[in-house]
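Dear colleague,

I am handing over the structure below, followed by my notes on what was found in it. Please read them with the coordinates open beside you.

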Amino acid sequence: MSTQPVLPQGVSAAEFARAIAAFRKVVGDEFVITASDRLLPYRKIMIPADENEFAPSGVVAPASVEEVQGVLAVCNQFKVPVWPISTGRNFGYGSASPATRGQMILDLKRMNRILEVDPVLCTALVEPGVTYQQLHDYLRERDIPLWLDFPGPGPIVSPVGNTLERGGGNTPYGDHFGNACGMEVVLANGQVLRTGMGSIPNSTSWQVFKYGYGPYLDGIFTQSNFGIVTKLGMWLMPKPAGYTTVMVTYDDPEQIGVAVDTIRPLRIDTTIQNVGVMANEAIVLTGMKRRADLYQGAGAVPQDLMLSEVRKMGLGAWNVFFTLYGTDKQIAPNLEIVTEAFSKSGGKVIPGIHDGSQVNELSLSSFSLLNWVGGGGLYWFAPVSPARGTDAIRQMHLARSILADHGMDYLSAPTLNGRDLHHLVAMVFDRNDPDASKRAKACYGKLVTEFGKQGYGLYRVAIDYMDQMAQIYGKTNRDVNRSIKRALDPNGILAPGKSGIHL
Ligand SMILES: Cc1cc2nc3c(=O)[nH]c(=O)nc-3n(C[C@H](O)[C@H](O)[C@H](O)COP(=O)(O)OP(=O)(O)OC[C@H]3O[C@@H](n4cnc5c(N)ncnc54)[C@H](O)[C@@H]3O)c2cc1C
């Protein structure tokens, strides 16, 4: 690897050196990184792209809002862009890397204070570097009966980073942005905006009422490059009196249709309160087996082979997991309702199983899916589907056939959001194998295009497909984003290319 610095676009080596000296003045020498060996952890992108295309120019790590403001002043002066990360573990979407080469990573992990937890109103206020594990420990140590909702890598990632990507988990609070309340945002010009009720001096209600007065702005600071979020309010779930997690198995892959048509009304009328998940036979197998133990032939693993494996374990082609929360008296009638509905639809209902992600147990077990093939490559393909059986079947066939054309397995775990499913597909591949990487890359592109043609968009996308996805969402959408960008960040110093938004 070259030891020459990766210069931001249009910035000379001399100007860049001056900018680096200025960053050092703001945050201290040790919190500015330019040495190529120390940048390595920030370059591990997991996706099948050349990391040089996304190489950062360096890292600057402020410890306070004032230091963030100081960093942005330097950025404006020297036209050096910064890409903010909270914990930088956006695995399967580009990890910590910027969407374009030559940006400073603004690493916010030193800002890691839990500023407030209100056990009565069930709210928290945290900084970007706080991890779910840290918040979990904080609640435990103080015996505060509140639960967290977290994504798969919960212990090591941040509520702020995840929420700003509009990520999700599996409990009733699984829509993280839906359960966020109030942000503090440092704008490109250094102004500090507190959204919602937070704009009122001495606000009493920042974490309890989202909308404040006038336009509701929080959404424009998610999946965008309009500001640096330095504080985030969260709503937390009161620990329930009890719970029963239920698994429903369906034998036939086509039964994804009846499964979805059964889940939807139960989610919308809140008989099923939580996001839960449907896991197909292949993704279930990743928790127990390696691909090579099952199949060494060419192409995708034959589905029959996988189905016969999971059937031996009492599992199905689709396995739906959700949880009923409350007292025994609340759970019993709901269990009766769901048992009747799922049995009628042809599913086998098994209550009383364990799924830590639905009951406040943090773990890294979801990483087992990377062992399926080994080699550490991952792309998340995450199209949105209406929660209708016909759409789910259509998406399943489309995804499966495109993946198979590229020799890849359909590892699928749609989440049950009510009116939509996030039809999550984990594309794992051996990143050390150039052919496997090439196929994964081509496959992702084909999936994005073909789903787009059928009117399906992704809810979130990897850094190497941000421009393409913005094309699919259309010109007016892009024009509006660009107008906001030009108004809020006229020098284009914040995360150029994020979500396909450029100056
Ligand atoms: C096995 C496995 C399972 C996973 N399961 C899930 C899952 O269940 N749900 C899920 O959502 N994801 C999941 N992921 C994907 C990912 O790892 C998580 O979403 C993770 O929370 C994102 O990383 P982070 O929290 O460190 O965010 P970061 O990487 O810090 O941030 C993500 C992006 O948000 C923006 N950003 C971050 N902080 C700021 C800020 N302060 N101001 C402005 N912009 C900012 C930046 O563009 C940044 O690139 C999974 C990944 C793996 C490997």
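Val 120 counts as exposed because its relative accessibility is 72%, where exposed means over 50% relative accessible area, buried under 20% and partly exposed in between, with a 1.4 Å probe and protein chains only. Val 120 sits in the loop between strand E5 (114-118) and strand E6 (123-126); strands (E, at least two residues) and helices (H or I, at least four) are DSSP runs numbered from the N terminus. Together with Leu 121, Val 208, Phe 209, Tyr 211 and Tyr 216, Val 120 forms a nonpolar surface patch with about 590 Å² of accessible area. Such a patch joins nonpolar side chains (Val, Leu, Ile, Met, Phe, Trp, Tyr) within 5 Å, from residues with over 30% relative accessible area and no salt bridge, and the areas come from the Shrake-Rupley method with a 1.4 Å probe.

Please bear in mind that this is a predicted model, in which local features need pLDDT of at least 70 and side-chain atom pairs count only at pLDDT 80 or more, while totals for chains, interfaces and linings use all residues. Residues are numbered from 1 along each chain as its sequence is written, and side-chain values use heavy atoms, with hydrogens and water left out.

As for the ligand, 31 residues surround it, the closest being Ser 86, Thr 87, Arg 89, Gly 168 and Arg 460, where a residue is included if one of its heavy atoms lies within 4 Å. Among the polar contacts (pairs of N or O atoms within 3.5 Å), a side-chain N or O atom of Lys 498 is 2.9 Å from a ligand oxygen, and a backbone N or O atom of Gly 152 lies 3.0 Å from a ligand oxygen. The protein covers 94% of the 960 Å² of accessible area that the ligand has on its own.

Turning to charge pairs, there are 21 salt bridges, each a side-chain nitrogen of Lys or Arg within 4 Å of a carboxyl oxygen of Asp or Glu. One of them joins Asp 409 and Arg 291, with the closest N and O atoms 2.7 Å apart. Asp 409 lies in the loop between helix H11 (389-405) and strand E18 (411-412) and Arg 291 in helix H8 (residues 291-294), so this pair ties together parts 118 residues apart in sequence. Asp 409 counts as buried at 8% relative accessibility, and Arg 291 counts as buried at 14%.

Best regards

Terms used: Patches are made of residues with over 30% relative accessible area and no salt bridge: like charges are joined within 9 Å, nonpolar side chains (Val, Leu, Ile, Met, Phe, Trp, Tyr) within 5 Å. A polar contact is a pair of N or O atoms within 3.5 Å; within protein, one must be able to donate a hydrogen and the other to accept it, and residues adjacent in sequence count only if both atoms are side-chain atoms.
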